[in-house]
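Welcome, and please load the model in your viewer.

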Amino acid sequence: MNETAIDAAGDAPADGASPGGPAADPVVSGEGVRKSYGDVVALDGVSLDVAAGEVFGLIGPNGAGKTTLVRALTGTTEADGDLRVFGEPPRDVDPARIGLLPQSFDPPARLTARELVDYYGGLYDAARDTEAVLEDVGMADDADAWYETLSGGQKRRTCVATAVVNDPDLLFLDEPTTGIDPAGRRAIHRLIERLAAGGTTVFLTSHAMDEVERLTDRVALLRDGRVVASGAPDRLVAEHGGAPRLDAATAESATEEVVESVASGVRERLGTEPTVERTEAGLRVRGVRPEAIGDAVDALDGAGVAFDSLSWTEPSLEDVYLRLTGEEYARRGDAGESVERADEEGDR
Ligand SMILES: Nc1ncnc2c1ncn2[C@@H]1O[C@H](COP(=O)(O)OP(=O)(O)OP(=O)(O)O)[C@@H](O)[C@H]1O
C-alpha cells in the first residue's frame, strides 16, 4: 500500500459535504483517542469530526475498533484522548439527545414491539408517539407480536425504533442492517434518510459498503485502531478506488501466454499500459474506460480468449475498502499470479 496516498486522519470537517459547514461546531470531535484492553490496542490515536446534520460512516474490518469508538462516544467505555460530543465529555451529555443502537441488543423477549417502544419511550420526558415510530421502521403491522416471535429483520427494526423513540439529535447505529433482508434494509435506509433530512446527525457503522456509499456524507476507514482515510465517499473512490475494469468469465484458466497476449493487444489498441490479471472467474483488464470497452473486447478476441460473459465495473467504496485494508491482495492471492500488474496507485 502506498501510505503517502492516504489521507491524514480527520482531514475534512467540512469537505464541502458537511451541511453544518466549516464554521459550525462539530457534534462529535475526537483527537488522539486511545483505548486498550490489556495488551490489545483497540483505538490507537483516532481523530475525527462530525458536523451537525451529517450522516457519518465508520467502516473497517472486524476488530478495527469501530464498536469501541462508538462505545467511547456514547460513554459506555472510557478512552484516553480528547473526545467531545456536543462539546462535552460523552458521559456528561444529556441521554435524551443521544440514540444508540448497539451491535448486540437483546431486549426482553416476552414484550411486544409496541410494548418495547412504549417502555423505552417511557424513559424520556418527551418521547415520540409510539405508533409513529413503529410506522417509521415498518413495524406497525407486527406491533403486537412478542419480540421472540419476530424474524431477525423485524427484531432489528424494533431495536432501531427503541433507539429513535427519544427523537435524538445524534443517533449511533452500529451495524443496523446486519442480517436484514433487502426490504427491511430499504425501510431502515429510508428512515435514516428521513432522520438526516430532519437534521439528525447520524453516526453509522456498517460492513455493507453499498449502504455506506449511498447514505453517508463522509466516511472514515478504521484499520487497526487508526483512521487510514476519510472524506466524502465519491472523493475516496476517485482517490483510492482504482481503475474501471472489464472482467471476462472463462471456463478455463488462461495461460500466462494468453494473459501476455491480451496485455499486448490492449497496449496496441488502447495505447495505454494495461493491467491484466487472472481472477477466480477468468481474466480482468483494468483501466478500461467506457469508450474503450470495444477495443478491449477485440484484444480478448485477438488473444483467443473464449469468454462466457463480460462485465464492466466502475470502482466503488468497496474497492477503496479492499485496497486500503489490504484485503484486495488477500482475495487475489487465491486467484493466481497477476501479470503486468501496475503499482497499486499507478493503475488508474
Ligand atoms: N471488552 C473487550 N475486552 C477485550 N478486548 C476487546 C473488548 N472489546 C473489544 N475488544 C478488542 O478490541 C479490538 C477492537 O474491537 P471492536 O469490537 O471495537 O472492533 P470492531 O471494528 O467493532 O469489529 P467488528 O466489525 O467485528 O464488530 C478487537 O481486537 C477486540 O477483540
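Start with helices α2 and α4, which are roughly parallel to each other, a label for angles under 35 degrees. Before going on, note that this is a predicted model, where local features need pLDDT of at least 70, side-chain atom pairs count only at pLDDT 80 or more, and totals for chains, interfaces and linings use all residues. Residues are numbered from 1 along each chain as its sequence is written.

Select 113–121 for α2 and 152–164 for α4: their axes come within 8 Å and cross at roughly 20 degrees. Axes here are lines fitted to C-alpha atoms, for helices over the stretch in contact, with angles from 0 to 180 degrees between N-to-C directions. Helices are DSSP runs (H or I, at least four residues) and strands are E runs of at least two, numbered from the N terminus.

Now show Ala-113, Leu-116, Val-117 and Tyr-120 of α2, which meet Thr-158, Ala-161 and Thr-162 of α4; contact means C-beta atoms, placed from the backbone, within 7 Å.

Next, select the ligand. Which residues surround it? They are Tyr-37, Val-40, Ala-42, Gly-60, Asn-62, Gly-63, Ala-64, Gly-65, Lys-66, Thr-67, Thr-68 and Gln-103, each with its C-beta atom, placed from the backbone, within 6 Å.

Finally, select α8 (256–270) and α9 (293–302), whose axes come within 8 Å and cross at roughly 145 degrees. Among the α8 residues that meet α9 are Val-262 and Arg-269.

How values were computed
Parallel < 35°, antiparallel > 145°, perpendicular 65-115°, else oblique. Contact = placed C-beta atoms within 7 Å.
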